[in-house]
Amino acid sequence: MPDTPIATDPFVQQFFALSGAKAGLTNPATLDADNYRLHAIAQRTEQLRTQTRHRLITRGTDRAGVLQQSLERDVEVSALGARLARLDHLGPQDCLGFMQTTTGERLFIGRLGLSDEQGSPLMIDWRAPAAEPFFAATHANPQGLVMRRRYRWRKQMIAGYFDEVFDLERLGESTSLDDHSAFLASLGEQRTGKMQDVLATIQGDQDAIIRRPSAGALVVDGGPGTGKTVVALHRAAYLLHADARVKNRGGRVLVVSPHDSYTAYVSDILPNLGEDEVLVSTLSNMVSNAGGARVETDSVIGRIKGTSAMVDAVERAVRVFEQPPAQGLVIETPWDELMLSPDQWTAAVDCLESGLDHNTARSQLREVLVEQLAAKVTSEDASGSESRHALAANDQLDACLEEYWPVLDPERLLRTLYSNAPLLRYCARGLSLDDIDTLLQAETGETWTESDLPLLDAARALVGNPHGEQIRVQRAAALSSARTLMRQVVDDLIASADDKEDLSSQLMNADLQDQLVEQRAPEEPVGDVSAGPFSHVIVDEAQDLTDAQWAMVLRRCPSGSLTIVGDRAQATAGFSGSWAGRLARAGIRDVHVAALNINYRTTAQVMDAAATAIRQQMPGANVPVSVRTNGAPVRYAHPDELEPILNAWLQSHAEGVAAVIGHDAFTARLRVAALSPEQAKGLEFDLVLLYRPERFGSGVEGAVRRYVSMTRATAQLVVLQDPDATRAS
Ligand SMILES: Nc1ncnc2c1ncn2[C@@H]1O[C@H](COP(=O)(O)OP(=O)(O)OP(=O)(O)O)[C@@H](O)[C@H]1O
């Protein structure tokens with residue numbers, strides 16, 4: 001569509017409310033074309049909203065005739081409802097900016113795509129291939145662009161914009177050359193406690209990672225503040241929209257978060273990108289009904305429970321309860337004594353579907369054994385269905401199953417494994433004898449700890465629901481009686497209908513009857529959504545996952561399509577070696593690594609101090625380069641000065657957020673968080689106060705805690721330490 005400058009047109013809405021230097025430098029007439037397009041977007045979205053609302057009302061009140069039409073109407077009404085919900089959130093503020101190509105075209109880019117009535121694009125969806133140069137063009141490779149403009153929206157108005165020019169000769173009048181300075185200034189803006197929306201300013205190296213195909217395992221490796229989380233979340237939205245493999249596998253994406261504060265911190269980003277369905281969750285929260293797990297305070301126990309040897313031990317423990325009888329068994333029936341030999345038992349087990357959990361396999365095993373035994377009853381004694389019926393209720397067969405394939409409860413199995421010395425020694429073959437003894441001596445309280453949860457998850461996946469068989473039996477009985485009732489109702493309806501042929505052809509349709517019956521039967525237990533499977537899994541702060549946690553991730557991602565986001569220098573337990581080596585140990589091979597090297601969060605002053613802190617223990621740590629070179633110097637003060645420093649900052653800053661890290665007795669207050677170094681991972685604050693960092697621990701662990709904490713600061717870092725303590729940096 002042509003963008004005709006119409007500065008004099010009073011009906012064109014104005015979208016620019018520029019502040020600061022930009023306001024002074026910009027000639028309003030040069031923004032006419034922008035206003036015109038944004039106005040067109042506003043009008044078109046309003047038009048589509050009105051049309052959709054109208055159609056929804058008309059269809060919603062349609063009196064549909066035959067059943068088929070009524071089903072079609074319901075489907076359309078639900079689709080219209082979803083479309084209206086999307087349109088309600090769409091408007092000019094979803095326009096990220098535009099790019100001008102060497103052919104003179106201006107292409108506007110949006111969070112979603114939108115076309116005018118003739119089908120010409122008003123804005124192109126950011127994930128479409130045509131939008132790629134908007135993010136990817138660089139001075140070295142302008143990708144056919146003369147310039148690009150990125151908007152900075154505040155409260156439905158454009159408060160600023162960043163122009164980048166790639167071809168000065170072709171440039172018209174309408175740009176205000178500011179290259180990176182305005183973008184850099186925007187990085188220093190005060191934070192709100194929620195991750196900011198940065199889609200409009202995604203950088204070329206970040207964009208290239210976001211758009212990588214989903215197959216296999218991609219590691220995004222980068223230091224603090226390099227935009228790994230930004231990339232992770234935008235990649236989730238991109239893959240859901242544009243990656244055929246992810247869409248074909250059901251389009252379910254999981255983002256594994258390191259802790260609940262991170263989940264809350266990033267919670268606006270995906271909905272703002274139009275994705276409400278992505279599950280963002282900690283691994284602990286994915287183990288449902290575990291009764292609020294405690295933090296693991298014993299690091300040795302945490303290490304042991306995090307090993308793959310313990311995951312293997314859980315699996316071996318389940319197999320202990322699946323052993324065939326050593327001798328033949330006798331099953332008494334009203335007609336005869338039936339023999340069940342160990343070989344017949346094994347043959348029955350071989351008939352089971354593969355991949356079933358223990359308790360489901362038990363139900364199937366019972367059915368197979370009933371069939372096998374019923375075949376031994378002669379037809380003179382009983383019919384097939386009589387013998388099957390009797391065997392299904394046979395107490396001796398039940399007793400045999402209870403002995404050789406008992407119903408298991410995952411929680412009890414895990415507690416037994418922890419406390420039963422012979423069982424643990426038999427099952428935990430990959431653990432040293434010392435580790436086994438340590439585990440046997442450990443206190444197992446009533447509540448689980450976070451290090452138990454991956455093992456509990458393994459136990460649940462392998463064992464299944466202990467009440468599953470009971471539920472299946474009840475549901476089968478309810479379905480059977482509902483079907484009988486339905487048949488009677490159908491017969492009665494046919495007998496009294498005027499147009500018998502049409503009604504009977506619809507009602508006798510077996511699918512329809514099944515649907516109606518299903519609605520009457522007790523609900524199938526709702527599956528746990530966090531159990532997966534997911535078509536793609538993104539793991540943030542992946543450097544900290546234990547082998548047992550990786551097993552949890554892989555259980556939910558059978559395709560192995562993973563984005564693994566992390567920084568080896570931020571691994572609290574240390575991370576020597578490569579990503580490929582670490583991940584191979586967790587069972588992930590064929591790994592590709594993409595690096596991010598520019599730090600957008602922390603000023604050079606803070607980053608220098610943090611680099612010194614980490615390099616004391618890890619001389620080769622991959623420390624990123626800060627994009628913002630100016631900033632307040634790191635301030636060092638006595639711990640007693642915490643309150644005065646904090647209060648002075650709160651008084652002089654009406655907005656912004658602060659964090660006190662490492663002070664157990666400090667209570668969080670409005671705009672001030674109280675965190676441990678672990679809880680601070682992934683987050684950021686305008687002001688960070690590091691409380692007695694010399695107490696964060698020694699060696700690599702202590703250095704990593706200090707490094708992570710220091711690199712949370714976007715503007716000011718204050719280190720509060722005793723004067724005689726060694727400097728944290
Ligand atoms: N392209 C960008 N445009 C604007 N801001 C950006 C961009 N990339 C990253 N940022 C900002 O930089 C900060 C750090 O980003 P992010 O949290 O994604 O980094 P990270 O690599 O995950 O850091 P860490 O490992 O320390 O948690 C955030 O404020 C983010 O909004």
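Pro533 sits in the loop that links α23 (510-520) to β12 (536-539), where helices (H or I, at least four residues) and strands (E, at least two) are DSSP runs, numbered from the N terminus. Gly532 and Pro533 are joined by a cis peptide bond, with omega at about 5°. Most peptide bonds are trans, and most residues other than glycine have a negative phi. The model is a predicted one, in which local features need pLDDT of at least 70 and side-chain atom pairs count only at pLDDT 80 or more, while totals for chains, interfaces and linings use all residues. Residues are numbered from 1 along each chain as its sequence is written, and side-chain values use heavy atoms, with hydrogens and water left out.

Gln143 lies in the loop between α4 (132-136) and β5, and its phi is near 50°, a positive value in a residue other than glycine. With a relative accessible area of 33%, Gln143 is partly exposed; here buried means under 20% relative accessible area, exposed over 50%, and partly exposed in between (1.4 Å probe, protein chains only). Lys155 is found in the loop between β5 and β6 (157-165). The phi of Lys155 is likewise positive, near 50°, and at 80% relative accessibility Lys155 counts as exposed. This residue belongs to the turn of the hairpin that β5 and β6 form, with two residues between the strands.

The strands themselves come next. β5 and β6 run antiparallel and are joined by eight bridges; two strands pair if DSSP finds at least two bridges between them. In this pairing, Arg148 stands opposite Glu164 in β6. Nine of the 10 residues of β5 are buried, so β5 is largely enclosed by the rest of the structure. Strand β1 (residues 95-101) is also largely enclosed, because seven of its seven residues are buried. Five bridges join β1 to β5 (residues 145-154), and these strands run antiparallel. Across that pairing, Met99 faces Arg148 and Phe98 faces Arg149. β1 is joined by five bridges to β2 (residues 106-110) as well, again in an antiparallel arrangement, with Gln100 opposite Arg106.

Finally, the ligand. It is surrounded by 25 residues, the closest being Thr201, Lys228, Arg601, Glu684 and Arg712; a residue is near a molecule or strand if one of its heavy atoms lies within 4 Å of it. The shell divides into eight nonpolar, 11 polar and six charged residues, where Ala, Val, Leu, Ile, Met, Phe, Trp, Tyr, Cys and Pro count as nonpolar, Asp, Glu, Lys and Arg as charged, and the others, Gly among them, as polar. α5 (181-187) and α7 (228-242) each supply at least two residues of this shell, and α7 gives the most, with three residues.

A nitrogen atom of the ligand is 2.8 Å from an N or O atom in the side chain of Thr201. A polar side-chain atom of Gln206 also lies 2.8 Å from a nitrogen atom of the ligand, and a polar backbone atom of Val230 is 2.9 Å from a ligand oxygen atom. Such a polar contact is a pair of N or O atoms within 3.5 Å. The protein covers 99% of the 630 Å² of accessible area that the ligand has on its own, as given by the Shrake-Rupley method with a 1.4 Å probe.

Methods: A polar contact is a pair of N or O atoms within 3.5 Å; within protein, one must be able to donate a hydrogen and the other to accept it, and residues adjacent in sequence count only if both atoms are side-chain atoms.
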